[in-house]
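This report covers a pocket, the salt bridges and a few individual residues. Please have the sequence and the structure open while reading.

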Amino acid sequence: MKLDLHVLGPILALVVLVLVGAAMNSNFLSAANVTNVLSRSAFIGIIAVGMTFVITAGGLDLSVGSMAAFIAGLMIMVMNGLLPTMGPGWPLVGVGVGAAILAGLAAGFLNGFLVTTMRIEAFIVTLGTMGIYRSLVTWLADGGTLSLDFGMRTVIRPIYYDGILGISWPIIVFALVAIAGETIMRRGAFGRHAAAVGSNDQVARYSSVDVNRVRMLTYVFLGLLVGIATIMYVPRLGSASSSTGVLWELEAIAAVIIGGTMLKGGFGRVWGTVIGVLILSLIDNILNLTDGVSPYLNGAIQGVIIILAVILQRERKAEG
């Protein structure tokens, strides 16, 4: 039986990275380091699950990092603004969470509307909104940093640092989102329709698939997940600035492509995206733990990985 390296490749790469990391640093497989890697990868992982659907449907979103920064700033401003009235507590956290979810849905809807109804290329739309969201959070912070009130930081802290049986909430939420995403992609009509639209939208239309609706929903779903990821992120630092979420779009897209989702659409796999997220997180962690190697090379390595993954996809398509 012939082994499919396009399926096994990401898994083998993950195994190799674990072995390399363990050989280079004795603390690599410690419970504290593993938990830290998984918790920090949860933000990108949650977003990457939504990005999988967007790319599978033939779209692209370059705005997710800037969107997360804007949502984080908005969430902080809402909670700080209502603090004198509501006081520090979980009801105020609930309002902040609601604001983040609504902002994510609205941002995703805006991208989807411009792509589907206004028929503007996704690259152009999301490149534009990327600049808009980044500028807005910079303006709201007056060029500095939006910081959550210290009292509220204590209240909201458990969202990132607490969990169940030693597993932090970001890891749990990431796992639940990944399971739901894989189920929808493999067994749900929406996942099949997204793949059909990304493969050939004209054929999808002849098959009675509402192409615009499917594409719109992928962007709205991604916006929702950006909002959820931001909710997990804000308690970690309690602040937002123009540097928040920088290169998150690169990491999310890289994870999706590494995981085997076709860049031009038509095929996607969420479980592969999860492996892609872990691969990128492990590379970053190994660079940070290894003496004599600069962690600033992480972005360059991600860029190389994206290029190699796309080359492999082209070879796969040629073989097919």
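Is Arg186 buried, partly exposed or exposed? Arg186 counts as partly exposed, at 39% relative accessibility. The model in which this value was computed is a predicted one.

**Salt bridges**

Side chains of opposite charge can pair when their charged atoms come close. The structure holds three salt bridges, and they are set out in the table.

| Pair | Closest N to O distance |
|---|---|
| Arg205 and Asp201 | 3.8 Å |
| Arg215 and Asp201 | 3.7 Å |

Glu182 has a relative accessible area of 18%. Buried means under 20%, so Glu182 is buried.

With neighbours within four places in sequence left aside, Glu182 is in contact with Arg269, Val270 and Trp271.

Arg205 pairs with Asp201, and the closest N and O atoms of this salt bridge are 3.8 Å apart. Both lie in helix α10 (residues 201-206), four residues apart, and are therefore separated by about one helical turn. Arg205 has a relative accessible area of 33% and is partly exposed. Asp201 is partly exposed as well, with a relative accessible area of 22%.

Asp201 takes part in another salt bridge, with Arg215, in which the closest N and O atoms are 3.7 Å apart. This pair links distant parts of the chain, with Arg215 in helix α11 and Asp201 in helix α10, 14 residues apart. Through shared partners, the salt bridges join Asp201, Arg205 and Arg215 into one network.

**The largest pocket**

How much space lies in the largest pocket? The volume is about 780 Å³. The pocket is lined by 27 residues, and those closest to its centre are Arg40, Trp248, Glu251, Asp284 and Asn298.

Which helices each supply at least two residues of the lining? They are α2 (31-56), α11 (211-237), α12 (248-258), α13 (270-289) and α14 (298-319). By residue class, the lining divides into 12 nonpolar, 11 polar and four charged residues.

**Helix α3 and the residue after it**

Helix α3 covers residues 64-86, which is 23 residues. From its first C-alpha to its last, α3 reaches 31 Å, close to the 33 Å expected at 1.5 Å a residue. Just after α3 comes Gly87, which takes a positive phi of about 80 degrees.

**Leu217**

Helix α11 also contains Leu217. At 32% relative accessibility, Leu217 counts as partly exposed. Leu217 and Ala195 are 22 residues apart in sequence, and their C-alpha atoms are 13 Å apart in space.

**Points to check in the viewer**

One is Asp201, which with Arg205 and Arg215 makes up one salt-bridge network.

Methods. Residues numbered from 1 in each chain as written. Predicted model: local features only at pLDDT ≥ 70, side-chain atom pairs only at ≥ 80, totals over all residues. Heavy atoms only, no water. 1 Å grid on protein atoms, 1.4 Å probe; cavity = no way out; pocket = protein on both sides within 12 Å on 5 of 7 lines; lining within 4 Å. Points joined across faces, edges and corners; volume = space filled by probe spheres on them. Nonpolar A, V, L, I, M, F, W, Y, C, P; charged D, E, K, R; others polar. Salt bridge = Lys/Arg side-chain N within 4 Å of Asp/Glu carboxyl O. Buried < 20%, exposed > 50% of the residue type's maximum accessible area, 1.4 Å probe, protein only. Expected span 1.5 Å × (residues − 1). Contact = heavy atoms within 4.5 Å.
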